[in-house]
Amino acid sequence: MSFWIGLLCDDWEWADGGLSGYRNWRGNNSQPFSCVELVKEEWSPAECNDPAYALCYSSKSMSWERALDYCKENNRTGLLRIESDLDQKEVESELRRNNVSGPVWVGLRQSRLFGFWIWSNGMAVSHWTNWHGGIQPEHHLSHYCGAIETKDQVFEWHDKNCRSKFRVLCEFK
């Protein structure tokens, strides 16, 4: 999974207008391009219409419902979805790089009526999951909202009380 990193090709300035003195290019960057994406912790030239996702991390803690609203504001797609082992590894890399600890909300939500887990955009959670202990939380015993939590540098999904306040992982598309 790739992530947009907000770097524009205007004298290498960040999308917020800040200048970029830091460089972490992957391979040859001499070709013309307008945008840059993060691929395995290195910058890579990209066309701006490439289907890459941007990862947005909030340092402010909030409930799951507030996190959902937060992620939909300012052109964000929503709370982060993790649909494969590769997605999980990219997210873990970003969380390690940013020294993130403690639970972080992602787009996991459990149907209180039927008990199945879905992503906040309504998509079903695929066959690939990363639940703590390898087991999806049981219906009526779970806390209905999902977060990534780390212990001893192992990142796993956990069910959490939706009213708890954690930091947030959003995605852009």
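Trainee: Which side chain meets Glu-92 in a salt bridge?
Mentor: Arg-96, at 3.7 Å, N to O. A salt bridge here is a side-chain nitrogen of Lys or Arg within 4 Å of a carboxyl oxygen of Asp or Glu. This is a predicted model: local features need pLDDT of at least 70, side-chain atom pairs count only at pLDDT 80 or more, and totals for chains, interfaces and linings use all residues. Residues are numbered from 1 along each chain as its sequence is written, and side-chain values use heavy atoms, leaving out hydrogens and water.

Trainee: What separates Glu-92 and Arg-96 in helix 2?
Mentor: About one helical turn, because they sit four residues apart in helix 2 (residues 85-97). Helices (H or I, at least four residues) and strands (E, at least two) are DSSP runs, numbered from the N terminus.

Trainee: Is Glu-92 buried or exposed?
Mentor: Glu-92 is buried, with a relative accessible area of 14%. Arg-96 is partly exposed at 38%. The cut-offs: buried is under 20% relative accessible area, exposed is over 50%, partly exposed is in between (1.4 Å probe, protein chains only).

Trainee: How many salt bridges does the count come to?
Mentor: Seven. One of them joins the side chains of Glu-65 and Arg-109 at 2.4 Å, N to O. That pair links distant parts of the chain: Glu-65 is in helix 1, Arg-109 in strand 7, 44 residues apart. Glu-65 is partly exposed at 39%, while Arg-109 is buried at 18%.

Trainee: And which side chain meets Lys-160?
Mentor: Glu-149, in a salt bridge of 2.8 Å, N to O. Lys-160 lies in strand 10 and Glu-149 in strand 9, so the pair ties together parts that are eleven residues apart in sequence. There is also a salt-bridge network of Arg-81, Glu-83 and Glu-171.

Trainee: New topic. How many disulfides?
Mentor: Two, counting pairs of cysteine sulfur atoms within 2.5 Å. Cys-71 is joined to Cys-170, S to S 1.9 Å. Cys-71 is in helix 1 (residues 64-72) and Cys-170 in strand 11 (residues 166-172), 99 residues apart. Both Cys-71 and Cys-170 are buried.

Trainee: Why is the Cys-71 and Cys-170 disulfide left-handed?
Mentor: Because the torsion about its S-S bond is about -75 degrees. The link of Cys-145 and Cys-162 has 100 degrees there and is right-handed. Cys-145 lies in strand 9 (residues 144-151) and Cys-162 in the loop between strand 10 (154-161) and strand 11, so that pair ties together parts 17 residues apart in sequence.

Trainee: What does Ser-63 touch?
Mentor: Not counting residues up to four places away in sequence, its contacts (heavy atoms within 4.5 Å) are Trp-105, Cys-162, Arg-163, Ser-164 and Lys-165. Ser-63 lies in the loop between strand 5 (53-62) and helix 1. Ser-63 counts as buried, at 18% relative accessibility.

Trainee: Zooming out, what pattern does the protein chain follow along the sequence?
Mentor: It reads β-β-β-β-β-α-β-α-β-β-β-β-β. That comes to two helices and eleven strands. Buried residues make up 47% of the 173 residues. Among contacts between residues at least 6 apart in sequence, 66% join residues at least 24 apart.

Trainee: Where is Leu-113 found?
Mentor: In the loop between strand 7 (104-110) and strand 8 (117-119). Leu-113 counts as exposed, at 63% relative accessibility.
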